[in-house]
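Please look through the structure below with its chain contacts and its sheet in mind. The briefing that follows is grouped by topic.

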Amino acid sequence: MIDGFIALYIFALAAILGFEIISKVPVILHTPLMSGSNFIHGIVLVGAMIALGHADTTLEKVFGFIAVFLGAGNAAGGYVVTERMLEMFKPRVKKDDKDGEGS
Amino acid sequence: MMEMIQQYLPTLIKASYFLAAILFITGLRRMSTPGTARGGIVWAGIGMLIATIATFLLPDMHNMVLILAALVTSTVLAWVSGKKVAMTDMPQMVALYNGMGGGSAAFIGAMALFNAVDHLGGCQAGTIVDTANTHDCLSGVTMVFAVVGVFIGAISLSGSLVAFGKLQGWIDKRYTFPGQHFFNGIVAIATLGLGFYLMKDMNANYIWIFFGLSLLLGLLMTMPIGGADMPVVISLYNAFTGLAVSFEGFVLQNEAMIIAGMLVGSAGTLLTQEMAKAMNRSLGSVLFGSMGGSGGAAIEGEMKEIEAQDAAIQMAFADRVIVIPGYGMAVAQAQHKLWEMTQILLDKGVDVKFAIHPVAGRMPGHMNVLLAEAGVPYDLIEDMEDINSQFKQTDVALVIGANDVVNPVAKTDPESPIYGMPILNVDEAKNSIVIKRGKGTGFAGIQNALFFAENNKMLYGDAQDAIAKLIQGLKAL
């Protein structure tokens, strides 16, 4: 069981890490990064599955169903959109080569 | 063998969540450098896959059919919509998916609260049952996290949906009324007050009202905010969702959720601050101020029109051209044509650079993404700080569908609502050409002094058509 203080440590360390990672980011990556972090909180899907997996009453089942539905949308949509954005950042050979042009 | 698996399964699942958390952190790190960015999302994606599969293996999971049904339908819908949407509409899709995540966290929190009502006999009032793991009674702290998570998650849900509607053009007005912020403040205090009262007096009705009020608050907060500030708002709600996910992760005792959620919570907060800073707006003024319409002196003079042919000649014989893309380029999908035009100029020996304002378009980096899509190499693209000193030596500055980010009023008129916002110094260039659809004011509704300047010419038309004409002109030379 995670008690209050251990949670506090995890919160603090994760928060510091988030700040550190973002503080060195070039402007060019801001939109993809927002989208990427949007995907990462799609982990809420796991929580929604656990909640629905332990739901008993009808109300809980309805809420759980909505939660899983929304969470899966966050994860799947977040992934596709981010991947499409970052697809454009594929390393390109500097001078007009065909390499890296791909599709 | 089966026994072995049974015995080690809980550890294996915990280990999977740990691995997922590490993959998220590594993925986010990789995404923050252009060279490794593409790999980053794949790493994070693998983490998500591992965590999801591990969750299916958890002991005593019921309602598998329901879980699969919700999971599969939503994944397919989101996947297809994400694949189909045009590059220019990406910002609102991010808003939509973000709202879904916030909503998911809010519903999880509400379930925990309803559960606490049902199990009052088992645990003390003010505590929550750990339904997911041990069925222990969790401490009162957990209840606080559940309540705050519902609050933040619900705001993120309704707020993001409004942001989506505004960017999609479904909601094209700012809804304001006198005393609005005071009213919103009252609603916020009442909602939080009810939330904390909930912990003392568990009652299902209060949970409904609390949830409803939180949703309403997200709506009220976002309706008065203008479209120009939407990137900041979406980024803020992105951070909100992260926090909500982290808090509900604590309620469910799930480490992967706690870490990933908080990571996004802090990263998103910093990103929000950077965006607000780039617009010279504090977060407070975005959320509580209103912008546009009045203020600022009227501008004297008239706008001078130029033909595409003449503009093409001017650029072809320039030594140095700086292109300033804005939202108009994004709407017209003109980035490919623009690159085609640039290549012709480069072949003629003209030094062409692209200048990107930090908030050009609807999101920071929006322009970079579009230019990258068209194939413009990074080394031609410059940030505002790097290029601003170079305008003085520039023969032609070509502004494509950008307005407020090149408005010199921000430097000269203290009365103007955008006074103090850093701008691209297009007014310092020897000549400037502005491609614009009509004579109206920009997104913020402020007159642009650049358009009336002596050495500025207007090229009216849709960005795509205008650039096509410029290309024709260049080819004819």
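How many salt bridges does the rule find across the interface of chain B and chain A? The rule finds one there, a salt bridge being a side-chain nitrogen of Lys or Arg within 4 Å of a carboxyl oxygen of Asp or Glu. This is a predicted model, in which local features need pLDDT of at least 70 and side-chain atom pairs count only at pLDDT 80 or more, while totals for chains, interfaces and linings use all residues. Residues are numbered from 1 along each chain as its sequence is written, chains are lettered from A and ligands numbered from 1 in the order in which they are written, and side-chain values use heavy atoms, with hydrogens and water left out.

**Interface of the two chains**

- Contact, meaning heavy atoms within 4.5 Å, involves 109 residues of chain B and 81 residues of chain A.
- Chain B and chain A bury about 8,800 Å² between them, with 78% of it on carbon and sulfur atoms; buried area is the accessible area (1.4 Å probe) that two parts lose on being put together, summed over both.
- R38(B) forms a salt bridge with E87(A), and their closest N and O atoms are 3.2 Å apart.
- Because R38(B) lies in helix 2 (residues 37-56) of chain B and E87(A) in helix 4 (residues 58-87) of chain A, the pair joins two chains; helices (H or I, at least four residues) and strands (E, at least two) are DSSP runs, numbered from the N terminus.
- Over all chains, the structure holds 10 salt bridges.

**A helix pair between the chains**

- Helix 2 (residues 30-40) of chain A packs with helix 1 (residues 2-31) of chain B at an angle of about 170 degrees, their axes being 10 Å apart; axes are lines fitted to C-alpha atoms, for helices over the stretch in contact, and angles run from 0 to 180 degrees between N-to-C directions.
- These two helices are therefore roughly antiparallel to each other, a term for angles over 145 degrees.
- On the chain A side L33(A), G36(A), S37(A) and I40(A) meet F24(B), L28(B) and M31(B) of chain B.

**The sheet of chain B**

- Six strands of chain B form an open sheet with parallel pairing, in the order 5-4-3-6-7-8, where two strands pair if DSSP finds at least two bridges between them.
- Strand 5 (381-383) and strand 8 (456-460) of chain B are the edge strands, each pairing on one side only.
- Three bridges join strand 4 (residues 351-356) of chain B to strand 5 of chain B, and I356(B) stands opposite D383(B).

How values were computed:
Angles under 35 degrees count as roughly parallel, over 145 as roughly antiparallel, 65 to 115 as roughly perpendicular and the rest as oblique.
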